[in-house]
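Have a look at the model, then read on.

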Amino acid sequence: MHSLAPHHANPQFQQYLAAASALTPNPLNVGGANNLASQLHSVSNLHGLPMGGDPWGTGAGTPLSLPMQHQHKLAQLEEEKIYSLITELTNPANREQALVELSKKREQYDDLALILWHSFGVMAALLQEIVSVYPLLVPPQLTGQISNRVCNALALLQCVASHSETRGLFLNAHIPLFLYPFLNTTSKTRPFEYLRLTSLGVIGALVKNDNPEVISFLLSTEIIPLCLRIMESGSELSKTVAIFIVQKILLDEMGLAYICATYERFYAVGTVLSNMVNQLVETQAVRLLKHVVRCYLRLSDNPRAREALRQWLPEPLRDATFSQVLKDDMVTKRCLAQLLVNLSDNVVTTN
């Protein structure tokens with residue numbers, strides 16, 4: 001058996017996914033906090049991010065002092081509005097506004113995924129929104145308004161992908177494949193960046209529940225090379241979601257075995273992780289560093305990968321390069337220490 005050596009448990013995703021979702025409703029409006037730089041700055045603290053304003057109106061909800069009958073009446077009116085908006089999705093003339101309104105309300109209505117999936121013509125309408133922009137991808141001709149509209153459609157697909165009762169149906173219909181052309185784009189303009197980020201959010205919604213069925217499906221597609229490209233050249237937030245997806249695949253036994261099964265797969269993943277470490281020496285982006293360390297730690301669980309990493313683990317992970325950025329992050333420091341222990345020649349492991 002030849003060497004794989006190349007030639008030269010995660011609660012954070014809810015936060016990242018909330019951040020990606022927060023960018024979705026009307027993200028490309030000009031001015032204010034809706035430009036990309038402001039949006040990315042706003043997610044520096046990813047705890048408890050709102051969905052962007054109060055999509056239900058100016059109040060925080062129905063006052064508790066209202067009589068129960070009035071509360072039920074308001075709830076009924078909101079539900080009727082949801083159904084009306086879903087009906088408008090099948091009307092091309094009214095679809096754009098319906099997408100905007102529904103993308104704002106998806107966090108407040110638990111059964112929205114079920115209604116979207118089972119309503120006649122709705123999923124076909126959402127897919128039509130997606131495929132209609134394929135001709136604008138190469139050469140890059142995507143405008144902010146068109147990207148925003150597609151992102152709102154993708155936000156509703158993310159809702160379907162997140163729901164336990166529709167996730168399997170979503171996979172069986174192979175709907176994630178419709179998003180791959182967006183992940184395969186390389187333009188760094190804002191319309192394309194939002195499109196990639198929102199598409200990653202849909203895939204992230206699938207993997208966050210550690211479902212073997214999801215991992216099996218993704219391994220049958222080219223999601224790993226698509227994520228690797230984004231990990232190397234995307235924005236920091238896109239890189240974060242992309243490496244989370246790869247990490248979740250690695251954490252699955254089937255995923256780890258798949259990536260370590262051949263030299264080519266291991267080399268592809270190892271090369272991108274090594275390049276990310278070199279970039280992190282300059283950027284000191286702690287969120288990305290946490291995921292890089294966890295990916296290496298998980299790879300070290302595989303005997304052949306562990307043997308290769310003993311020789312080819314990037315030097316900045318061996319010395320004190322990141323000691324300052326990790327000084328207050330005991331969890332990642334322990335993961336890095338465990339990685340180095342796993343790669344120690346003096347450690348005897350049984351497999």
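Let's start with Q284, which sits in the loop between α15 and α16. This is a predicted model, and in it the phi of Q284 is near 55 degrees, a positive value in a residue other than glycine. With a relative accessibility of 31%, Q284 counts as partly exposed. For background, most residues other than glycine have a negative phi, and most peptide bonds are trans.

H174 also has a positive phi, about 60 degrees, without being a glycine. Look for H174 in the loop between α8 (167-172) and α9 (180-183). Its relative accessibility is 41%, so H174 is classed as partly exposed. Then there is the peptide bond that joins V138 and P139: this one is cis, with omega at about -5 degrees. P139 belongs to the loop between α6 and α7.

## The overall picture

What is the secondary structure made of? The protein has 18 helices and zero strands. Of its 351 residues, 50% are buried.

## Helix α6 and what follows

Is helix α6 (residues 122-131) largely enclosed or largely open? Seven of its ten residues are buried, so the rest of the structure largely encloses α6. The buried ones are V122, M123, A125, L126, L127, E129 and I130. Glutamate E129 is in that buried set, along with residues such as L126 and L127.

Further along, T143 is found in the loop between α6 and α7, and G144 is in helix α7 (residues 144-162). T143 is partly exposed at a relative accessible area of 38%, and G144 is partly exposed too, at 25%. For G144 and T189, 45 residues apart along the chain, the C-alpha separation is 9.5 Å.

## Helix α12 against helix α15

Two packed helices are described by the angle between their axes and the distance between the axes. Helix α12 (residues 223-233) and helix α15 (residues 263-283) have axes that come within 9 Å and cross at roughly 15 degrees. Angles under 35 degrees count as roughly parallel, and therefore α12 and α15 are roughly parallel to each other. The crossing is left-handed.

Which residues do the touching? From α12 come I224, L228, M231 and E232, and they meet A268, V269, V272, L273, N275, M276 and Q279 in α15. By type, this contact splits into eight nonpolar, two polar and one charged residue. An α-helix has 3.6 residues a turn, so residues three or four places apart point the same way.

## Helix α16 against helix α18

Helix α16 (residues 286-299) and helix α18 (residues 330-342) pack with their axes 9 Å apart, at an angle of about 30 degrees. That makes α16 and α18 roughly parallel to each other as well, and their crossing is left-handed.

On the α16 side you'll find K290, V293, R294, Y296 and L297; on the α18 side, V331, T332, C335, L336, Q338, L339 and N342. The residues of this contact divide into seven nonpolar, three polar and two charged.

Notes. Residues numbered from 1 in each chain as written. Predicted model: local features only at pLDDT ≥ 70, side-chain atom pairs only at ≥ 80, totals over all residues. Heavy atoms only, no water. Axes fitted to C-alpha atoms, helices over the stretch in contact; angles between N-to-C directions. Helix = DSSP H or I, 4+ residues; strand = E, 2+ residues; numbered from the N terminus. Parallel < 35°, antiparallel > 145°, perpendicular 65-115°, else oblique. Left-handed = near helix turned anticlockwise from the far one by under 90°. Contact = heavy atoms within 4.5 Å. Nonpolar A, V, L, I, M, F, W, Y, C, P; charged D, E, K, R; others polar. Buried < 20%, exposed > 50% of the residue type's maximum accessible area, 1.4 Å probe, protein only.
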